[in-house]
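Dear colleague,

Please find the structure below, together with its sequence. My notes on it follow.

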Amino acid sequence: MKQSPDALLRSIDAPAMLAQVEAWSAINTGTGNLDGLAEYVAMLADEFVALPGEVELVEPAPVTAIAADGSEFEKPHGRHLVLRVRPGANRRVLLTGHMDTVFPKDHSFQGQKWLDDTTLNGPGVADMKGGIAVMLHALKALEASGEAAGLGYDVMLNSDEETGSLASSDLIAQLAGGKVAALTYEPAALPDGTLAHERGGTGNYSITITGKSAHAGRNPQDGRNAIVAASDLAVRLAAMAHTDMSVNPAKIEGGAANNVVPDHAVLRFNIRPKSAQAMESFDSDLNGVLAEIERAHGVSVHRHGGVTRPPKKVDEPAQRLFDLVKECGAQLGQTIGWQSTGGVCDGNNIAACGVPVVDTMGVRGGAIHSPDEYLIVPSLAERAALSALVLQRLAAGDTL
Ligand SMILES: [Zn+2]
């Protein structure tokens, strides 16, 4: 006999979920804390082996960044966890989450505190250690329900989402291939459970400018001032913003002593395109502007970075996935709405692969990325039941 939504909800082991979140939050997993991430990924591997698939730890892709002196250096990252269940199934979905948090090892926010009987404050409790518990227990409930047979799935937990998923974006794209849908376990957009719908994109750039130094008094005409060129570039970049895209020149580093024409500067900036067209035209316009800066100031320019998360639009199949989540919520007595947001996450990258995705399937909570981050504890079981029901429907052949 088919399980009722109520029975499904009752089958979720809520105390076990809370105990996991408390244990996981106690481990610092700032994106740069490789020891903490290694400890956490080992704990998760032990939990996810309960599902009928193979757990694999995947090495991070190499990532470079630009130092203040303009040199390029490699940034180390933690390993990612991948679980593949029934890879031969015709209908397969992708579930993603991230293990890292925005709180480095030396941050003051490390402990947990109960704010009231049902609200827990702690690093990562909502974003997204709670979400990983939701995913794990939804999958356990799906397997226990006996309705999983038609559905294959891959789980991907990365170590670097909070810094833009540079070490995992290829892995995400590879795993998204051939999937009918994807679910990502970021916390709900609002504490009432509202989902994030369309999202803008984001890109980060570092522009290194190399001029020529000279004596500021004796022969300044022989110098090529990198700080002046960087400043000119900052003004031109700001002028490239329009209604569909913000541009934020954020930082100029470099320069020299007061009596030296500076030969070196690094300009860093962020863009937030709302459409693919805004993203693409910016990228080609930027090359033109950089060439003008080279000509106007007699400097050479090196460009690093780009768009890491394309804007996420909601097409028809993606809207049907939202509708399915809403319908499953209604069966459980949960009212599920959605709204667009300027925030970004791995859902942007999955949507860019043409796979319908709902990326806020995680817990209800709030104040994420701050020491006030909190989890509404009853939402653990509530959202696990929601996901389990959605997965049952996808297993039963609901098409998007
Ligand atoms: Zn997150």
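How many of the 16 residues of α4 are buried? The count is 13, so α4 is largely enclosed by the rest of the structure; buried means under 20% relative accessible area, exposed over 50%, and partly exposed in between (1.4 Å probe, protein chains only).

Please note that this is a predicted model, in which local features need pLDDT of at least 70 and side-chain atom pairs count only at pLDDT 80 or more, while totals for chains, interfaces and linings use all residues. Residues are numbered from 1 along each chain as its sequence is written, and side-chain values use heavy atoms, with hydrogens and water left out.

Helix α4 reaches 23 Å from its first C-alpha to its last, close to the 22 Å expected; the expected span is 1.5 Å times one less than the number of residues. Helices (H or I, at least four residues) and strands (E, at least two) are DSSP runs, numbered from the N terminus. Glycine 146, with a positive phi near 75°, follows α4.

Histidine 98 belongs to strand β5 (residues 91-98), and aspartate 127 to the loop between β7 (119-121) and α4 (129-144), 29 residues apart. Histidine 98 is buried at 1% relative accessible area, and aspartate 127 is buried at 3%.

Backbone

The peptide bond from aspartate 127 to methionine 128 is cis, with omega near -10°. Arginine 86, in the loop between β4 (80-85) and β5, has a positive phi near 45°. Most residues other than glycine have a negative phi, and most peptide bonds are trans.

Cysteines

The model has 0 disulfides, a disulfide being a pair of cysteine sulfur atoms within 2.5 Å. The sulfur of cysteine 345 is 13 Å from the closest cysteine sulfur, in cysteine 353, and therefore too far for a bond. Cysteine 345 is buried at 1%, whereas cysteine 353 is partly exposed at 37%.

Yours sincerely
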